[in-house]
Amino acid sequence: MKDFYHIIIPRKKMTRKQLSNLIANEMMGYTAREFVELLEIKKAASKKFGISVTELVSANRSRKYTFPRFICYWVSRNLSGASLPQIGRHYGNRDHTSIAKGANKVDQVWPEHYPEWYTKAVKFQKEMEKRL
């Protein structure tokens, strides 16, 4: 539970009841497996790309944050059973079209224009396939 707490709301003290309510609200529409897979992807990406989970789901549009975020969208779409709206809710209540656009950029634009980031994305997906 401690690990779960830090993934959802970093640095915010909560009672057990508040945390339980938050977890129940966060999981609406997910299977337990999908929810855990999305958490694992987010946590692993945060560690791999050297940014916090909060920064990963933030509204910051700097490449430092958007590229890892797009990789998360892409891997989440490819590996988890979660729908695009579910993935969007998990990454800062983003619209499903934002998730689709970000994931499609990884597929269609990055191989030609950002090959080093595309390579990172493919490696990260392979790592996550082994974990999940």
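**Contacts, core and rings**

Visitor: What does Glu-37 touch, leaving out residues up to four places away in sequence?
Guide: Glu-37 touches Leu-79, Ser-80, Gly-81 and Leu-132. Bear in mind that this is a predicted model.

Visitor: Where does Glu-37 lie? Buried or exposed?
Guide: Glu-37 is in helix H3, residues 32-49. Its relative accessible area is 8%, under the 20% cut-off, so Glu-37 counts as buried.

Visitor: Switching to the core. How many residues are in the largest nonpolar one?
Guide: The largest nonpolar core has 29 residues. Those with the most contacts inside it are Ile-41, Ile-71, Val-75, Tyr-91, Trp-110 and Phe-124.

Visitor: Which elements give two or more residues to this core?
Guide: H3, helix H5 (63-79), helix H7 (96-108) and helix H9 (115-131). The largest share, 8 residues, comes from H5.

Visitor: And Phe-124, what does it touch?
Guide: Ile-41, Ala-44, Ala-45, Lys-48, Ile-71 and Val-75, not counting residues up to four places away in sequence.

Visitor: Rings next. How many aromatic pairs in the whole structure?
Guide: A search finds 9. One of them is Phe-67 with Tyr-114, edge-to-face, 5.0 Å centre to centre, with 75 degrees between the planes. The pair links distant parts of the chain, 47 residues apart. Phe-67 is in helix H5, and Tyr-114 is in the loop between helix H8 (110-113) and H9.

Visitor: Is Phe-67 buried or exposed? What about Tyr-114?
Guide: Phe-67 is buried at 6% relative accessibility. Tyr-114 is partly exposed at 24%.

Visitor: Which charge sits over the ring of Tyr-91?
Guide: The charged end of Lys-42, 5.6 Å from the ring centre. Lys-120 also lies over a ring face, that of Trp-117, at 4.3 Å from the ring centre.

Note on methods
Residues are numbered from 1 along each chain as its sequence is written. This is a predicted model: local features need pLDDT of at least 70, side-chain atom pairs count only at pLDDT 80 or more; totals for chains, interfaces and linings use all residues. Side-chain values use heavy atoms; hydrogens and water are left out. Helices (H or I, at least four residues) and strands (E, at least two) are DSSP runs, numbered from the N terminus. Buried means under 20% relative accessible area, exposed over 50%, partly exposed in between (1.4 Å probe, protein chains only). Contact means heavy atoms within 4.5 Å. A nonpolar core is a set of buried Ala, Val, Leu, Ile, Met, Phe, Trp, Tyr and Cys residues joined through side-chain atoms within 4.5 Å. Rings of Phe, Tyr and Trp (its six-membered ring) pair if their centres lie within 6.5 Å; planes under 30 degrees apart count as stacked, over 60 as edge-to-face and the rest as tilted. A charge sits over a ring if NZ of Lys or CZ of Arg is within 6 Å of the ring centre and within 35 degrees of the ring normal.
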